[in-house]
Amino acid sequence: MKIFAIALFAVTITSPAIADEANANWALQGTKFDPPVLTVEAKSSFTLKFINNNDASAELECKGLKIEKPVVAKGTILVRVLNPKPGTYDCVDEPHEDEAKGQIVIK
Amino acid sequence: MFGTAIIVFREVFEAGLAIGIVAAALGHAPRALRYIWGGVFAGAIGSLVLAVFAGTVSNFFGGFGNEMLTATILILAVMMLAWHTLWMATHGRQMAQDLKSVGLQAATGSKPMLAVATVVAVTVLREGAEVVLFLYGAAAGSGATALQSLAGGIIGIVLGGMVAYVTYKGIVRIPMRWVFTVTTALIALLASGMAAQAAHFLQAAGAATILEAEVWDWSSVLPETSIIGTFLKALMGYSDRPTGLMLVAFGATLILFWVANHMARPKPQAKPA
């Protein structure tokens, strides 16, 4: 379909240029975040690499940072956060938000 | 259970509102509902397939496959809506002459209906894959919790579906002579919001790195997670902290739809009932 090709082309020509920029690493093991509190330097943007070590899919959600991204079992995702403001942000694995909690501190 | 219901409802609400608007705008055409339900069904199947391949998709584009796929889907939906609007605007003139304004939508051909079905399908796909993955993740817990999560998921899907229905019924109750104007405006807002969100996802993937600065911060006044914020996000891509590129994408799309409608739209000939 012509119009789909145009849409795909429009996206492809702007393929991510900074995918290797990950400057923060975080992992989920069971209901524990590792480290429990992740500290990130305040810049105009940062890229977070998040590893789900569980056998079930998870969803990283940090409301104040506009992070909401699913990750499959044993999968890894990258999340790029724009314009983070200094502060402490609560994060959860959304399907298990009552138990699986962590924090990101922007300094 | 209620937590799961609320989370799933939020995803289904976003798709449901958009589908309600599209269905209300075009539901009068013969076979329209068949195309709309076909779109819902195709989107639901696509969501299951996408959830199965979620790990693979996410590894594309250097780890930003999800964002790039969502951006592609949104751009495709905007293009389909634009094409449909242009088609209706250019063909509407002769249809209005032949059928009077009331019959305008009744003569819509199958090609624009395919565009509508595509918009519905990609809208369901966009939110659906996330719902499937979420429910899968929630259901992987212990037995009772898993059942509660699934029950919550079903409640969320049903409530979201009701939003689509209420939106549809609400719009079709608008007097006929206003329906075209209202639905045209709603579809232009919907498309502009999708364009803004596409810009957001391209920036989130690092594919677009211009105009990244935040233009304003309304997160304490009207957070996008509030009820009104969620509604505005679903309707017109509202963001409480938009970047410059998001606003440019929104404004440019809105202007394009406005120009397209005013260039080719038939002059209103409706007489008071």
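Strand β4 of chain A, residues 45-52, runs antiparallel to β7(A), and 7 bridges join the two. Two strands count as paired here if DSSP finds at least two bridges between them.

Before I go on, the conventions. This is a predicted model, in which local features need pLDDT of at least 70 and side-chain atom pairs count only at pLDDT 80 or more, while totals for chains, interfaces and linings use all residues. Residues are numbered from 1 along each chain as its sequence is written, and chains are lettered from A and ligands numbered from 1 in the order in which they are written.

Back to the sheet. β4 and β7 belong to an open sheet of 4 strands in chain A, with the order β2-β1-β4-β7 and mixed pairing. Its edge strands are β2 (32-34) and β7 (76-82), each of which pairs on one side only. From one strand to the next, the twist averages 25°; axes are lines fitted to C-alpha atoms, for helices over the stretch in contact, and angles run from 0 to 180 degrees between N-to-C directions.

Now the other sheet of chain A. It is open, has 5 strands in the order β3-β9-β8-β5-β6, and is mixed in its pairing. β3 (37-40) and β6 (67-71) each have a single partner strand, so one side of each is left without a neighbour in the sheet. The twist here averages 20° from one strand to the next.

A:Val40 has A:Ile106 as its bridge partner in β9(A). The covered face of β3(A) carries A:Leu38 and A:Val40, and the uncovered face carries A:Val37 and A:Thr39.

A:Ile67 in β6(A) is the bridge partner of A:Cys62. The loop between β5 and β6 of chain A contains A:Lys66. What is the phi of A:Lys66? Phi is near 60°, a positive value in a residue other than glycine. A:Lys66 counts as buried because 21 other C-beta atoms lie within 10 Å. The cut-offs are 20 or more other C-beta atoms within 10 Å for buried, 12 or fewer for exposed, and partly exposed in between, with C-beta atoms placed from the backbone.

The peptide bond from A:Asp34 to A:Pro35 is cis, with omega near -5°, and A:Pro35 is in the loop between β2 and β3 of chain A. In chain B, B:Phe61 has a positive phi, near 50°, again in a residue other than glycine. That residue is in helix α3 of chain B, residues 54-63, and B:Phe61 is buried, with 23 C-beta neighbours inside 10 Å. As background, most residues other than glycine have a negative phi, and most peptide bonds are trans.

On to the helices of chain B. Helix α1, residues 2-26, has 25 residues and should span 36 Å at 1.5 Å a residue; its end C-alpha atoms are 34 Å apart, which agrees. The expected span is 1.5 Å times one less than the number of residues. α1(B) bends by about 25° at B:Val12, the bend being the angle between axes fitted to the seven residues ending there and the seven starting there. Of the 25 residues in α1(B), 20 are buried.

Helix α5 of chain B, residues 110-139, includes B:Ala138, which is buried, with 27 other C-beta atoms within 10 Å. Which residues does B:Ala138 contact, leaving aside its neighbours within four places in sequence? They are A:Pro95, B:Thr4 and B:Ser149, where contact means C-beta atoms, placed from the backbone, within 7 Å.

B:Leu86, in helix α4 of chain B, residues 65-99, is partly exposed, with 17 C-beta neighbours inside 10 Å.

Last, confidence. The model scores ipTM 0.80 and pTM 0.84. Chain B averages a pLDDT of 83, and 86% of the residues score at least 70; pLDDT is the predictor's confidence in each residue, from 0 to 100. Over residues 99-107 of chain B, pLDDT stays under 50, and the model has 18 contacts beyond four places in sequence for that stretch.

Key:
Contact = placed C-beta atoms within 7 Å.
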